[in-house]
Amino acid sequence: MSTSMPSISEAEWRVMNVLWERSPLTANEIISSLEGQTDWNPKTVRTLLNRLVQKNAVGVNQNLRVYTFYPLYSQNECQHAEAQSFLERIYSGALKSMLVQFIQKESLSDEEIQELRSILDAKQTSTDPPKK
């Protein structure tokens with residue numbers, strides 16, 4: 001597996017979400033899972049799977065009579081890489097600018113605000129220098 005996360009298209013994300021829910025899966029099982037969500041032709045799903053395999057985002061178990069597919073990266077790893085890419089492209093890597101933009105434009109519940117405070121407090125505690 002490569003050290004850099006492959007770039008995954010929106011359609012490929014849908015396939016990955018199926019694999020993160022349950023894997024390994026055959027191509028037909030993936031096609032069945034996507035039937036209710038998309039109007040994609042089975043050949044489209046197979047093409048997406050082939051692309052994900054070529055990008056080293058999905059692995060293939062060829063030992064069985066029927067090939068099975070499984071993700072090579074966790075959902076969390078892919079979400080983090082996608083968030084980093086978005087942050088770099090749109091905000092030139094400035095996390096504070098992105099957070100301010102979202103917080104000012106979105107309505108947050110008191111519970112969400114408290115959760116954000118807790119996350120920031122924990123982050124600050126973990127980065128504070130040790131006291132002498």
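**Close-up 1. Thr 26 and its contacts in the predicted model.** This view comes from a predicted model. Setting aside neighbours within four places in sequence, Thr 26 is in contact with Val 66, Tyr 67, Thr 68 and Phe 69. Thr 26 belongs to strand β1. Is Thr 26 buried or exposed? Thr 26 counts as buried, because its relative accessibility is 17% and the cut-off for buried is under 20%.

**Close-up 2. Strand β1 beside strand β3.** Strand β1 covers residues 25–26, and strand β3 covers residues 68–71. Two bridges join them, and the strands run antiparallel. Leu 25 has Phe 69 of β3 as its bridge partner.

**Close-up 3. Strand β2 beside strand β3.** Strand β2 spans residues 58–61. How many bridges join β2 to β3? There are four, and these strands run antiparallel. Val 60 has its bridge partner in β3, namely Phe 69. A hairpin of six residues leads from β2 to β3.

**Close-up 4. The three-stranded sheet.** The sheet is open, and its strand order is β1-β3-β2. Its pairing is antiparallel. Which strands stand at the edges? They are β1 and β2. Each has a single partner strand, so one side of each is left without a neighbour in the sheet.

**Close-up 5. The salt bridge between Glu 12 and Lys 55.** Side chains of opposite charge can pair when their charged atoms come close. A search of the whole structure finds one salt bridge. Glu 12 and Lys 55 form a salt bridge, with their closest N and O atoms 2.7 Å apart. The pair links distant parts of the chain, 43 residues apart. Glu 12 sits in helix α1, while Lys 55 sits in the loop between α3 (42–54) and β2. Lys 55 counts as partly exposed, at 31% relative accessibility.

**Close-up 6. Helix α4 and what covers it.** Helix α4 runs through residues 75–91, 17 residues in total. From its first C-alpha to its last it reaches 23 Å. That is close to the 24 Å expected at 1.5 Å a residue. Which residues of α4 are buried? They are Cys 78, Leu 87 and Tyr 91. An α-helix has 3.6 residues a turn, so residues three or four places apart point the same way. Cover for the buried residues of α4 includes α1 (10–21) and α5. After α4 comes Ser 92, with a positive phi near 50 degrees.

**Close-up 7. A nonpolar patch on the surface.** Leu 95, Leu 99, Ile 103, Leu 108, Leu 116 and Ile 119 form this patch. Together they have about 490 Å² of accessible area. Helices α5 (95–105) and α6 (110–127) each supply at least two residues. Which helix gives the most to the patch? Helix α5 does, with three residues. Leu 95 lies in α5. Leu 95 is partly exposed, with a relative accessible area of 43%.

Note on methods
Residues numbered from 1 in each chain as written. Predicted model: local features only at pLDDT ≥ 70, side-chain atom pairs only at ≥ 80, totals over all residues. Heavy atoms only, no water. Patch = residues over 30% accessible without salt bridge, like charges linked within 9 Å, V, L, I, M, F, W, Y side chains within 5 Å. Areas by Shrake-Rupley, 256 points an atom, 1.4 Å probe, with all protein chains shown as cover. Salt bridge = Lys/Arg side-chain N within 4 Å of Asp/Glu carboxyl O. Buried < 20%, exposed > 50% of the residue type's maximum accessible area, 1.4 Å probe, protein only. Pairing = 2+ DSSP bridges. Expected span 1.5 Å × (residues − 1). Contact = heavy atoms within 4.5 Å.
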